[in-house]
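Here is a short briefing on one protein structure. Please keep the sequence and the 3D view open while reading.

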Amino acid sequence: MGKTSSKEERGGRRGESREAHQVSVRSELKEKLRTEGLRVTRPRLEVLVVLHERAAPMTHEQIMENLPNGFGDKASIWRLLGDLAERGILRRMDLGDRVWRYELIDSCRGVADDHAHLLCEDCGDVKCLPAMELRAKDGSVPSALLAANFQIRIIGQCGDCP
Ligand SMILES: [Zn+2]
Ligand SMILES: [Zn+2]
């Protein structure tokens, strides 16, 4: 994100500094891998750190662009993402443009597990939205949705695109 003053950095989560936060994020992510029975490897950890920093769904390509140099080739990162999604560490989603995106849900974020997403058709950016429910204007729930298992995804233009 943008520039933050040192005052804001110190005022972060539980008053810890940015460096201390980075360290605790890494140990939290390592713990997450171990809990799922996965060995902690540098590529796995770096992928999780990238997703933690973005705090929104990212494509395979975006993840590759944000990894430090030399962390695996396209194919191995693709496999790694599939493994992490299978273990439930990442959520994999198709937001309607037939591109898989991956998102990490971690304790630093205030979004519910079943939250909705906005995909911007212009810049391709994805924003996490709070959990939402769908109702008719009169407050009723359409019968087709009553027992349905569905996802809310919104496609349009984000506020940053003119
Ligand atoms: Zn946009
Ligand atoms: Zn999200």
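Predicted model: local features only at pLDDT ≥ 70, side-chain atom pairs only at ≥ 80, totals over all residues.

The protein has 6 helices and 6 strands, and their order along the sequence is α-α-α-β-α-α-β-β-β-β-α-β.

**Overall make-up**

- Taken along the principal axes, the C-alpha atoms fill a box of roughly 50 × 40 × 35 Å.
- Of the 162 residues in the protein, 15% are buried.
- Among contacts with a separation of 6 or more, 48% join residues 24 or more positions apart.

**The nonpolar core**

- The largest nonpolar core contains 15 residues, and Val47, Leu51, Leu81 and Leu90 have the most contacts inside it.
- At least two residues of this core come from each of helix H3 (42-54), helix H5 (74-86) and strand S3 (100-104).
- Leu90 can be followed through its contacts: leaving aside neighbours within four places in sequence, Leu90 touches Leu51, Leu81, Leu84, Ala85, Tyr102, Glu103 and Leu104.

**Helix H2 against helix H3**

- Helix H2 (residues 18-35) packs on H3 at an angle of about 120 degrees, and the two axes are 10 Å apart.
- H2 is therefore oblique to H3.
- The crossing of H2 past H3 is right-handed.
- On the H2 side the contact is made by Val25, Arg26, Leu29, Lys30 and Leu33, and on the H3 side by Arg44, Leu45, Leu48, Val49 and His52.
- Sorted by class, this contact of H2 with H3 has 6 nonpolar, 1 polar and 3 charged residues.

**Helix H3 against helix H5**

- The axes of H3 and H5 come within 11 Å, with a crossing angle of roughly 70 degrees.
- This angle makes H3 roughly perpendicular to H5.
- H3 contributes Pro43, Arg44 and Val47 to the contact, and these meet Ile77, Leu80 and Leu81 of H5.
- Sorted by class, the contact of H3 with H5 has 5 nonpolar, no polar and 1 charged residues.
- Arg44 is listed in the contact of H3 with H2, and Arg44 is also listed in the contact of H3 with H5.

- Most residues other than glycine have a negative phi.
- Ala55 has a positive phi, near 55 degrees, and is a residue other than glycine.
- Ala55 is found in the loop between H3 and strand S1 (58-59).
- Ala55 counts as partly exposed because 16 other C-beta atoms lie within 10 Å, a number between the limits of 12 or fewer for exposed and 20 or more for buried.
- Arg98 is not a glycine either, and its phi is positive at about 60 degrees.
- The loop that holds Arg98 runs between strand S2 (90-94) and S3.
- Arg98 counts as exposed because it has 6 C-beta neighbours inside 10 Å.

**A buried proline in a loop**

- Pro57 sits in the loop between H3 and S1.
- Is Pro57 buried or exposed? Pro57 is buried, because 24 other C-beta atoms lie within 10 Å and the cut-off is 20 or more.
- Leaving aside neighbours within four places in sequence, the contacts of Pro57 are Met93, Arg101, Tyr102, Glu103, His117 and Val126.
- Tyr102 and Glu103 are among the contacts of Pro57, and Tyr102 and Glu103 are also among the contacts of Leu90.
- Pro57 and Glu46 are 11 residues apart along the chain, and their C-alpha atoms are separated by 16 Å.

How values were computed:
Residues numbered from 1 in each chain as written. Chains lettered and ligands numbered in written order. Core = buried A, V, L, I, M, F, W, Y, C linked by C-beta atoms within 7 Å. Helix = DSSP H or I, 4+ residues; strand = E, 2+ residues; numbered from the N terminus. Contact = placed C-beta atoms within 7 Å. Axes fitted to C-alpha atoms, helices over the stretch in contact; angles between N-to-C directions. Parallel < 35°, antiparallel > 145°, perpendicular 65-115°, else oblique. Left-handed = near helix turned anticlockwise from the far one by under 90°. Nonpolar A, V, L, I, M, F, W, Y, C, P; charged D, E, K, R; others polar.
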